[in-house]
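Colleague: I would like to learn how to read a structure of this kind, taking pockets, strands and rings in turn. Could we go through it slowly?

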Amino acid sequence: MKTLFRAIERGVSNHGWLLSYHTFSFSHYFNPEKMGFGRLRVLNDDTVKPGFGFGTHPHENMEIVSIPLAGAIGHKDSTGTNGSIHVGEVQIMSAGTGITHSEFNHSSQEELKFLQVWILPEKINIAPRYDQKSFPKDSFQENWKLVVSPKSENDTIWINQNSFFSLGNFSNGKKISYKLYDPSNSVFLFLIEGSILVDGEVLDRRDGIGLSGNIEYSIEVKADANLLAIEVPK
């Protein structure tokens, strides 16, 4: 089974300082047919102008993953964390019983571009938690690199859900596959850059596809591709 989420069909919010594209219903964008994919609830593609950001605001009982694509995220939260997240790093917050935080462009000169992903938690009302991890650039080349998993091992960030995030950069013409870590899960593929063919569908920049029913999916790279795979319970 497959469900397409084309880039051109995404919701959009333009606040001047923030340009945000929503793969799923979010904020003022509501589409009853795009309320998420399994336990994946939000996938926002954000561009923040220099010197701007999201003021302090609360969350609870949500797993929030941020992936910088260009520039760096400045971050402060109620756990006492105060720092920055750069390209090649991945950030997670388990909001749990409640957390407040702010996210902002760490640069006064360059745009910040990042993906923000929300996953519904496996256990609710856990203690709020923050983590981030850096991954070597070459670990993504022609290879799926697991960056988020339900176990704090294998050089990954731990998430409070049976979910797995993998990133990879693949060259034009390469034939690859994605195999589920848990056969009972589904996978959402988000094409950050490039072009691929998967399950008979051509995906271009910022397109997404939800896949379920198989354990492994074949992918043909049609143009150099930067891919994010988000495996989640159905």
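Modeller: Let us begin with the largest pocket, which is lined by 19 residues, and of these Pro68, Val87, Gly88, Asn169 and Asn226 lie nearest its centre. Please keep in mind throughout that this is a predicted model, and that the values we discuss are computed from it.

Colleague: How should I picture the way such a space is found, and what volume does the largest pocket have?

Modeller: The general idea is that rolling a probe the size of a water molecule over the atoms shows where empty space is left. In this structure the largest pocket has a volume of about 410 Å³. Its lining draws at least two residues from each of β6 (63-70), β9 (89-94), β15 (164-170) and β17 (185-198), and by class the lining residues divide into 9 nonpolar, 5 polar and 5 charged.

Colleague: Which residues lie nearest the centre of the second largest pocket?

Modeller: They are Leu18, Phe26, Asn44, Asp46 and Phe54, out of 17 residues that line the second largest pocket, and the space in that pocket comes to about 230 Å³. The strands β3 (18-22), β4, β5 (53-59), β10 (99-105) and β11 each supply at least two residues of this lining, which by class has 5 nonpolar, 10 polar and 2 charged residues.

Colleague: Several strands have now been mentioned, so how do I read a sheet, and in what order do the strands of the open sheet stand?

Modeller: In general, strands of a sheet pair through backbone hydrogen bonds, either parallel or antiparallel. Here an open sheet of 7 strands has the order β2-β3-β4-β11-β6-β9-β12, and the pairing is antiparallel. The edges are taken by β2 (11-14) and β12 (129-134), each of which has a single partner strand, so one side of each is left without a neighbour in the sheet. From one strand to the next, the twist averages 15 degrees.

Colleague: Within that sheet, how many bridges join β4 to β11?

Modeller: There are 8 bridges between β4 (residues 40-48) and β11 (residues 112-119), and the two strands run antiparallel.

Colleague: Which strands are joined by bridges to β20?

Modeller: Among them is β15, joined by 7 bridges to β20 (residues 216-233) in an antiparallel run, with Phe164 standing opposite Glu231 in β20. Strand β16 (residues 175-179) is joined to β20 by 5 bridges, again antiparallel, and there Ser177 stands opposite Ser218. Between β17 and β20, which run antiparallel as well, there are 12 bridges, and the bridge partner of Ser195 in β20 is Ala223.

Colleague: Finally, how many aromatic pairs does the structure hold, and how would I read one of them?

Modeller: The structure holds 10 aromatic pairs. To read one, we take the distance between the ring centres and the angle between the planes, where planes over 60 degrees apart count as edge-to-face. Phe5 and Phe24 form an edge-to-face pair, at 5.2 Å centre to centre with 75 degrees between the planes. Phe5 lies in strand β1 (residues 2-5) and Phe24 in the loop between β3 and β4, so the pair ties together parts that are 19 residues apart in sequence.

Notes:
Residues numbered from 1 in each chain as written. Predicted model: local features only at pLDDT ≥ 70, side-chain atom pairs only at ≥ 80, totals over all residues. Heavy atoms only, no water. Pairing = 2+ DSSP bridges. Helix = DSSP H or I, 4+ residues; strand = E, 2+ residues; numbered from the N terminus. Axes fitted to C-alpha atoms, helices over the stretch in contact; angles between N-to-C directions. 1 Å grid on protein atoms, 1.4 Å probe; cavity = no way out; pocket = protein on both sides within 12 Å on 5 of 7 lines; lining within 4 Å. Points joined across faces, edges and corners; volume = space filled by probe spheres on them. Nonpolar A, V, L, I, M, F, W, Y, C, P; charged D, E, K, R; others polar. Phe/Tyr/Trp six-rings, centres within 6.5 Å; stacked < 30°, edge-to-face > 60°.
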